[in-house]
Amino acid sequence: MSDTHAQTVAYVRDTMLPAAAPPLRESGAVRWLRENLFSGPVNTILTILGLLIVWFLVATFWDWFAHSVWNASSLSECREIIAATWGEGARGACFAVIRERWNQYVFGFYPQSLYWRPTMTFGLLMVALAPVLFSASLTIRRVVLVITAVVTLWAMSVLGAPVGWLLFSAAVLVAGLLASERNIAWLLPFSAIYPLLGVWFLWGGSLWGPIFVLVGPLLGWVAWRMLSGVSPLLATVAALLVTLLFWMGLAGEAARDAENILSLSIESVRSDRFGGFLLSLTIGVAGIALSLPLGIMLALARRSDMFLIKSLAVIFIEFIRGVPLITLLFVASLLLNYFLPPGTSFDIILRVIIMVTIFAAAYMAEVIRGGLAALPRGQYEAADALGLDYWKAQRLIVLPQALKISIPGIVSTFIGMFKDTTLVTFVGLYDPLKSMSDAVRANIAWKGIYWEPFVFVGAIFFLICFGMSRYSMYLERRLQRGHR
Amino acid sequence: MSEPINRKIDRSQMSISDEVAIDIRNMNKWYGTFHVLRDINLTVHKGERIVIAGPSGSGKSTLIRCINRLEEHQAGHIVVDGIELTNDIKNIDKVRSEVGMVFQHFNLFPHLTVLENCTLAPIWVRKVPRKQAEATAMRFLEKVKIPEQAGKYPGQLSGGQQQRVAIARSLCMQPKIMLFDEPTSALDPEMIKEVLDTMIQLAEEGMTMICVTHEMGFAQAVANRVIFMDQGQIVEQNTPTEFFSNPRSERTKLFLSQILGH
């Protein structure tokens, strides 16, 4: 100010100011409290009210948790221990039921001697997911895969896995780790065949079944290659037809014949033996993996210029979204058998997976449509102007951006769907929350136990869903590309 | 508004051949019932640099967007590089891969790096091997003078830099014709010059260019023909010297007095 005066307008700066550091803000806990909790009368009242509510909740539930008993063989024994330790009339949780029956909450009625099989399936799932979910960071992959390998092998050996399978798992886990160190994309073929492997591990039976299921798309691909020069549409239709016809006609018989020639069977487990978190995770993981591609196709179809495709997508989405999931599950368990040709037995878990998938896909389609709509028109125009055809433009330009925008919504749908897997209790499957707890209570020792299983199952659901939520935030951060 | 173009333009290289690059005959287009383009007739020869001027809403952008069929015309014929634009998607994609376009708002792909923006179409449309596509891309990025930004994302660049990347991205497809749709209208005055310089350089190398712009300095220095449009029709076309010094239609005179008057 020294060389400028109010009455003179002309001014020339002779030295430019260098950039200076921002002033040191007063810091510390007191300032933070004053700014965030007690900035004014309303804020102060709300803070006190909030603290009171927290206090009330903690005071109500604290002794129930604090008095919990983990070692007892029945509910009455629990109560005796609580009465003896904390006085007559004291309340306490009896988590001993979890300690006694954890295996049913985890595996349902899966044969005890085969518990190692779902464990292995889950461990190898992480290897299959590594190139899809954790492809960017070597450190994260290393941590996840090492922990997976150690925990899986330890759990399998504790659960009495045969040495051969233990070695097989160790080989896959180590191979996964090595591939992750060198080039994670090497694992993609394993990810591609994993669904079939997983089904085989869980349900058992002959390996020839999954192998011939795999042959279907291979034949379809051959058909596509032969016809793609003629017309892409014809080739796609032919590929789908060949695949479906092979599955429906030849696959079953071929698998049986092959099994007769060379038996590749492991002990089979029926679907009604599945239960607990094994069931929830099976349906949840399958539903998540299937509903995303289906949702993308539906969202693209709904935005299509082709009237018929657009109408079909709209009808499908609106119908599925307008119907409660339980209705669809009842359709899966009861009605579907009437429509199928007599004699076809269609696995109940598979039917439920299909219903859960289309239900989630309808929501997914709308979430993704939102992402597609948020893309500026210029992106489509630039892709067109460069000569990219529809599918290339979608795959390379539109979807990567639309899906990134939709991540929070997509993950919300996943979380909702995963929690909805507990609804399978209504079609007679043993979900961890209701059916499994009922089964546990059916035993006279645990008759009357109520809150503890809910708290336990709820906590596990929370951990998994919270994990998904954190993952989605990590993904959003990772895909950040400067300001737009 | 318009920066004076100080550079000396070498017009000796800018030869115009007899070959026809774009031929538009009796072309009409409607938006609903609104007649946006009325009976457009325009022949562009290889090597021509055409500037299209006119008030907003006169249909200039729509016209050049019809040339690579970002907009569909409803009557008449458009033949680009010997291929007539019809509903045949194969022909459309062929034309689009031969015609580069630069947009007002750059329309770079924000999820890809500058280099990936430039190599995407050559790799997926022209099936050029990645290594070769990257080498070509670096060559064009050097030409627009930003090779050092190749690894950055578009969101980290200034407007002028983004527009130069957009030009490089189009050039990587080695197009025969370049369309510019108000390439400098979204830029700060300081950045307009760097983009215009790139375009001038392109013109000197003999590229066939159609440019919708308000940069009359650019038109004077580079164009061999200026087209003035109003209400969806071509009102006047002439060499830039004649067009600016001796406009014939009243509409043109009014327009020129408005944009050059101050």
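Reader: In what order do the six strands of the open sheet in chain B run?

Author: The order is β6-β7-β8-β3-β9-β10 in chain B, and the pairing is mixed; two strands count as paired if DSSP finds at least two bridges between them, and strands (E, at least two residues) and helices (H or I, at least four) are DSSP runs numbered from the N terminus. Please keep in mind that this is a predicted model, in which local features need pLDDT of at least 70 and side-chain atom pairs count only at pLDDT 80 or more, while totals for chains, interfaces and linings use all residues. Residues are numbered from 1 along each chain as its sequence is written, chains are lettered from A and ligands numbered from 1 in the order in which they are written, and side-chain values use heavy atoms, with hydrogens and water left out.

Reader: Which strands stand at the edges there?

Author: β6 (99-102) and β10 (233-238) of chain B do, and each has a single partner strand, so one side of each is left without a neighbour in the sheet. From one strand to the next, the twist averages 20°, where angles run from 0 to 180 degrees between N-to-C directions and axes are lines fitted to C-alpha atoms, for helices over the stretch in contact.

Reader: And how many bridges join β6(B) to β7(B)?

Author: Four, with the two strands running parallel, and Val99(B) has Ile177(B) as its bridge partner in β7(B). Strand β7 (residues 177-181) pairs in turn with β8 (residues 208-212) of chain B, in the parallel sense over five bridges, where Phe180(B) is partnered by Cys211(B).

Reader: Which way do the residues of β6(B) point?

Author: Val99(B) and Met101(B) point one way, Gly100(B) and Val102(B) the other, and all are buried, that is, under 20% relative accessible area, with exposed meaning over 50% and partly exposed in between (1.4 Å probe, protein chains only).

Reader: Now the four-stranded sheet: what is its order?

Author: That open sheet is ordered β2-β1-β4-β5 in chain B, with antiparallel pairing, and its edge strands are β2 and β5 (83-84) of chain B. Eight bridges join β1 (residues 20-31) to β2 (residues 34-45) of chain B, and these strands form a hairpin with two residues between them, where Gly32(B) in the turn has a positive phi of about 65°. On β4(B), Ala75(B) stands opposite Asn28(B), and His77(B) stands opposite Arg25(B).

Reader: Changing topic, how many residues has the largest nonpolar core?

Author: It has 145 residues, and Phe274(A), Ile349(A) and Ile22(B) are among those with the most contacts inside it; a nonpolar core is a set of buried Ala, Val, Leu, Ile, Met, Phe, Trp, Tyr and Cys residues joined through side-chain atoms within 4.5 Å. Helix α14 (residues 348-374) of chain A gives the most to this core, with 15 residues. Apart from that core lies another of 46 residues, including Leu157(B) and Met178(B).

Reader: Lastly, at what angle do the axes of α16 and α18 of chain A cross?

Author: The axes of α16 (residues 390-420) and α18 (residues 451-478) of chain A cross at roughly 165° and come within 10 Å. The two helices are therefore roughly antiparallel to each other, since angles over 145 degrees count as such, under 35 as roughly parallel, 65 to 115 as roughly perpendicular and the rest as oblique.
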